[in-house]
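Hello,

Here is the structure I promised to pass on. Have a look at it first, and then read my notes below.

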Amino acid sequence: MAGSRLPPEKLKHAMSLSRFMLRSQVIKLYRDMMRIVYNVKDLDQRKALIDFIRHDFKCNKHVEDEEAIKMLLSQGKISLRELENTVPRGK
């Protein structure tokens, strides 16, 4: 079926399955970090942490190498565990 194929201009923007899976892991990591940070009572500290997390993710937004993305994900998961241990849970 010729009608089911993507046009060439969209095909170059299609991502592989492994890239899609990495992207979903990055988004999950970002959301998990933000959920933890929203438990910080001090508004100034919360804003500083949110700005720091956003800045880190934006700085690495254009990383293309899958191995580098995996390494950054590993470092991010370590940071997430540190956040979990530092920020008290519950409201």
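A salt bridge here is a side-chain nitrogen of Lys or Arg within 4 Å of a carboxyl oxygen of Asp or Glu. By that rule, Lys70 pairs with Glu67, with 3.6 Å between the closest N and O atoms. Both residues sit in helix H4, three residues apart, about one turn of the helix. (Helices are DSSP runs of H or I with at least four residues, numbered from the N terminus.)

Please keep in mind that this is a predicted model: local features need pLDDT of at least 70, side-chain atom pairs count only at pLDDT 80 or more, and totals for chains, interfaces and linings use all residues. Residues are numbered from 1 along each chain as its sequence is written, and side-chain values use heavy atoms, leaving out hydrogens and water.

The whole structure holds six salt bridges. One of them joins Glu64 and Arg19 (3.3 Å, N to O). This pair links distant parts of the chain, as Glu64 is in the loop between H3 and H4 while Arg19 is in helix H2, 45 residues away. Arg19, Glu64 and Glu66 form a network of salt bridges.

Now for the inside. The largest nonpolar core has 14 residues, and Met33, Ile53 and Leu83 have the most contacts within it. Such a core is a set of buried (under 20% relative accessible area, 1.4 Å probe, protein chains only) Ala, Val, Leu, Ile, Met, Phe, Trp, Tyr and Cys residues joined through side-chain atoms within 4.5 Å. Helices H2 (17-37), H3 (43-59) and H4 (66-86) each give two or more residues to this core, with H2 giving the most, six.

Enjoy exploring!

Definitions and conventions: Buried < 20%, exposed > 50% of the residue type's maximum accessible area, 1.4 Å probe, protein only.
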